[in-house]
Amino acid sequence: MAWFGNSRQSIEALVEAHYASLYRYAYRLSGTSQSAEDLTQETFCQAQNKLHQLREPNRAKAWLFTILRNAYLHKLRTAKLEKQVPLDEIAELPERAGDSLPEVDSAQLQIALNQLPEMFRT
């Protein structure tokens with residue numbers, strides 16, 4: 001296969017040769033078909049931009065898998081930083097507890113603490 005002729009032809013050849021295996025790998029990583037499709041597409045977009053970095057055409061598959069893995073890890077890091085919660089998953093806020101705590105009888109508290117084993121008392 002000619003990888004270096006024309007950039008468009010090279011990417012088309014890479015997609016044709018490796019799409020299915022990259023998609024399966026992306027699906028195993030992400031667990032959803034939508035995420036797998038996104039990761040696979042992102043992989044080929046990055047590959048097109050970095051095609052000049054592919055020095056050995058016979059290592060194209062490993063190169064693409066590395067790009068995909070890095071894209072997946074980047075998405076994980078970004079998701080951890082964002083921590084967004086969809087609005088439909090937000091429940092009603094609980095009623096606010098009163099401003100003051102109930103009175104505690106310090107003598108009863110001490111008796112209860114004395115009955116605990118030393119490890120828990122400490």
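Me: In which helix of the chain is confidence lowest, and in which is it highest?

Reply: Start with the score: pLDDT is the predictor's confidence in each residue, from 0 to 100. Here confidence is lowest in helix α5 (residues 118-121), at a mean of 73, and highest in helix α2 (residues 33-49), at 94. For the chain, the mean pLDDT is 83, with 82% of residues reaching 70 or more. This is a predicted model, so local features need pLDDT of at least 70 and side-chain atom pairs count only at 80 or more, while totals for chains, interfaces and linings use all residues. Residues are numbered from 1 along each chain as its sequence is written, and side-chain values use heavy atoms, leaving out hydrogens and water.

Me: How many helices and strands does the chain have?

Reply: Helices (H or I, at least four residues) and strands (E, at least two) are DSSP runs, numbered from the N terminus. This chain has five helices and zero strands, giving the pattern α-α-α-α-α along the sequence.

Me: Is S21 buried or exposed?

Reply: Buried means under 20% relative accessible area, exposed means over 50%, and partly exposed is in between (1.4 Å probe, protein chains only). S21 has a relative accessible area of 13%, so it counts as buried. Across the chain, buried residues make up 20% of the 122 residues.

Me: Which residues does S21 touch?

Reply: Contact means heavy atoms within 4.5 Å. S21 sits in helix α1 (residues 7-30), and, leaving aside residues up to four places away in sequence, S21 touches K61 and F65. The S21 side chain also reaches the backbone oxygen of H18 at 3.2 Å.

Me: How many salt bridges does a search of the whole structure find?

Reply: To spot one, look for a side-chain nitrogen of Lys or Arg within 4 Å of a carboxyl oxygen of Asp or Glu. The search finds one salt bridge. E42 pairs with K75, and their closest N and O atoms are 3.3 Å apart. That pair links distant parts of the chain, with E42 in helix α2 and K75 in helix α3 (residues 60-82), 33 residues apart. E42 is partly exposed at 24% relative accessible area, and K75 is partly exposed too, at 39%.

Me: What about helix α5: is M119 buried or exposed?

Reply: M119 lies in helix α5, and at 70% relative accessibility M119 counts as exposed.

Key: Polar contact = N/O pair within 3.5 Å; in protein donor to acceptor, adjacent residues only side chain to side chain.
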